[in-house]
Amino acid sequence: MIKTEHLTKHYGALTAVEDVSFQVGPGEVLGFLGPNGAGKTTTMRMLAGFVTPTSGTASICGHDVESDPIAAKAALGYLPEGAPSYGEMTVRRFLAFIADLRGLEGARREARLKHVIEHLQLEGVLDQTIETLSKGFRRRVGLAQAIVHDPPVLILDEPTDGLDPNQKHEVRTLINDMARDKIIVISTHILEEVDAVCTRAIIISQGRIVADDSPAGLAARSRYHNAVSMQLEQPSQLSQARAAVAALPAVAQVEVSERDARLTALPRAGAPILPALSELAARTGLKLKELHLESGRLDEVFRTITS
Amino acid sequence: MHNVGIIMRRELASYFATPLAYVFIVIFLLLANAFAFYLGSFYERGQADLDSLFGFLPWLFLFLIPALSMKLWAEERNSGSIELLMTQPVTLREAVLGKFLAAWIFTAFALALTFPLWLTVNYLGRPDNGAILAAYLGSLLLAGGFLAVGSCMSALTRSQVVAFILAVFACLLLLLAGFPLVLDAFRGWAPQPIVDAIASLSFLAHFDSIRKGVIDVRDLLYFAMLISLFLLATAIALDLRKAD
């Protein structure tokens, strides 16, 4: 369990984090979202015991990060932003060093090292120094050190930043695999990641929590929630279709994209409009390439609440 | 304390993973021997002792030790690895001590490599080996003092160059604390007991008394306290500013 109460951090006159309170329980994957400079990293650093809060408290598995830092850190796997490490060390020595600091010994140490090396596919680079590795491999080494002691709580600051799509997919699969029995907090500004791995999302802006909801709940706040988007086969029918759709009583607004001959109909007060639209298309003989119901656009919700 | 050893071993290995260790040792030995033979007139003095080495060692340390200590914390901070280290279940004290000990052991190793000079005086004459041993001990303590000061300066900044300059300056002040150069700055306004206290802080006075072969508990205590004090200051500086 991660618990924060009124967590606040000031740097001189600058407020980095203000009155942040939340709890995360086992099985939850919390996505920490926010624009750059919103306070995501500062909050995570306070949880990891690297930054001392100005006021408020934070605890990891019941261990207060300030009064009982060693126990809190022992329960935690942490990937700092940018995955810093010791560039002159080889991957093998670096992971062994972290395993030693984590107090792993004997057969368990060997087994855990073998496990993370296999899981993050580091076999090929074990004897390379970390400074010679690509960004993707460095990030994986950072993830390996975070999970080598099999901690109950994982805090990952931008775990997929700088990875290519395949590597992103691998990291997300890894997070999903671990999600069942762990508490995971990740920060990201990639919204698709929230859908891919998170069970819950907190949006933070200017140091404050501005939304705390499930990804679906957040998407439902979008004005595109339950909107219907249709793509026409013949762009010439666009203006005719637009007039017909706008005339429907349940439709509040119609947006048109000329480029791909697409209409998006926004419903009045979240009312279901898909049946009415498909019926309209059949009645007027509009040829559709595609017709689909939108669940809401996270990027639009994100922009609305953080700007 | 288990963690001190782990951190120390990693740090020591990192010296040898980069050219740092080799460059340091080669330059140190070159200069130490050059000073002893040319400036210290090793042969011309006709004395079977190592005074020509130990007389110049403080001045050699003044520039070489800060070059070693400057990376202790400034580099961790600059590369961000300090965040990795300080979020492992280790205390600040263990980290400060582990890194300091690594640097100290490395210096001891470099110092031990001056042994051919010791072999030479034993071949040429009958030196007082007890006094030589005491002088080596004094040199090691002096190096420890410099390293502790350098560790503190390195904790104050993320720039290794700034850490180096600060450390040279602080070490110079401590080295010369008993000399008019430093004391005159205080004589005008500070009461005599304070001037005396500053004079007694002099590295050189304590080093010289050990070097003469007299191992006084007060001198040992002086170095032990000085090292502890600056390591404590290192920990405080890191605690206040580690995330900046």
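Colleague: How many residues does helix α1 of chain B have, and how far does it reach?
Modeller: Helix α1 (residues 2–17) of chain B has 16 residues and reaches 23 Å from first to last C-alpha, close to the 22 Å expected at 1.5 Å a residue. The expected span is 1.5 Å times one less than the number of residues. Helices (H or I, at least four residues) and strands (E, at least two) are DSSP runs, numbered from the N terminus. This is a predicted model: local features need pLDDT of at least 70, side-chain atom pairs count only at pLDDT 80 or more, and totals for chains, interfaces and linings use all residues. Residues are numbered from 1 along each chain as its sequence is written, and chains are lettered from A and ligands numbered from 1 in the order in which they are written.

Colleague: Which residues of α1(B) are buried?
Modeller: The buried residues of α1(B) are B:N3, B:V4, B:I6, B:I7, B:M8, B:R10, B:E11 and B:Y15. A residue is buried if 20 or more other C-beta atoms lie within 10 Å of its own, exposed if 12 or fewer, and partly exposed in between, with C-beta atoms placed from the backbone.

Colleague: What do they pack against?
Modeller: They pack against α3 (91–101) of chain A, together with α2 (20–39) and α7 (92–112) of chain B. Two residues are in contact if their C-beta atoms, placed from the backbone, lie within 7 Å.

Colleague: Turning to α2(B), which residues are buried there?
Modeller: In α2(B), the buried residues are B:F28, B:A32 and B:A36. They cover an arc of only 50° around the axis, which puts them on the same side of α2(B). The arc is that of the directions from the helix axis to the C-beta atoms. An α-helix has 3.6 residues a turn, so residues three or four places apart point the same way.

Colleague: And what is exposed on the other side of α2(B)?
Modeller: B:Y22, B:V23, B:L30, B:Y38 and B:L39 are exposed there. The buried residues of α2(B), by contrast, pack against α3 (51–54), α4 (57–69), α7 and α8 (115–124) of chain B.

Colleague: Which residue with a positive phi follows α2(B)?
Modeller: B:S41 follows α2(B), with a phi near 45°.

Colleague: Let us move to chain A. What is the strand order of the open sheet?
Modeller: The open sheet has six strands in the order β6-β7-β8-β3-β9-β10 (chain A), with mixed pairing. β6 (76–79) and β10 (208–213) of chain A stand at the edges, each with a single partner strand, so one side of each is left without a neighbour in the sheet. The twist averages 15° from one strand to the next. Two strands pair if DSSP finds at least two bridges between them.

Colleague: Which helix lies across β3, β9 and β10 of chain A?
Modeller: That is helix α11 (residues 298–306) of chain A, running at about 35° to β9(A). Axes are lines fitted to C-alpha atoms, for helices over the stretch in contact, and angles run from 0 to 180 degrees between N-to-C directions.

Colleague: How many bridges join β6(A) to β7 of chain A?
Modeller: Four bridges join β6(A) to β7 (residues 153–157) of chain A, and these strands run parallel. The bridge partner of A:L76 in β7(A) is A:V153.

Colleague: Where does a positive phi occur in the hairpin of β1(A) and β2(A)?
Modeller: A:G12 takes a positive phi near 60° in that hairpin, which has two residues between the strands. β1 (residues 2–11) of chain A pairs with β2 (residues 14–24) of chain A in the antiparallel sense over seven bridges.
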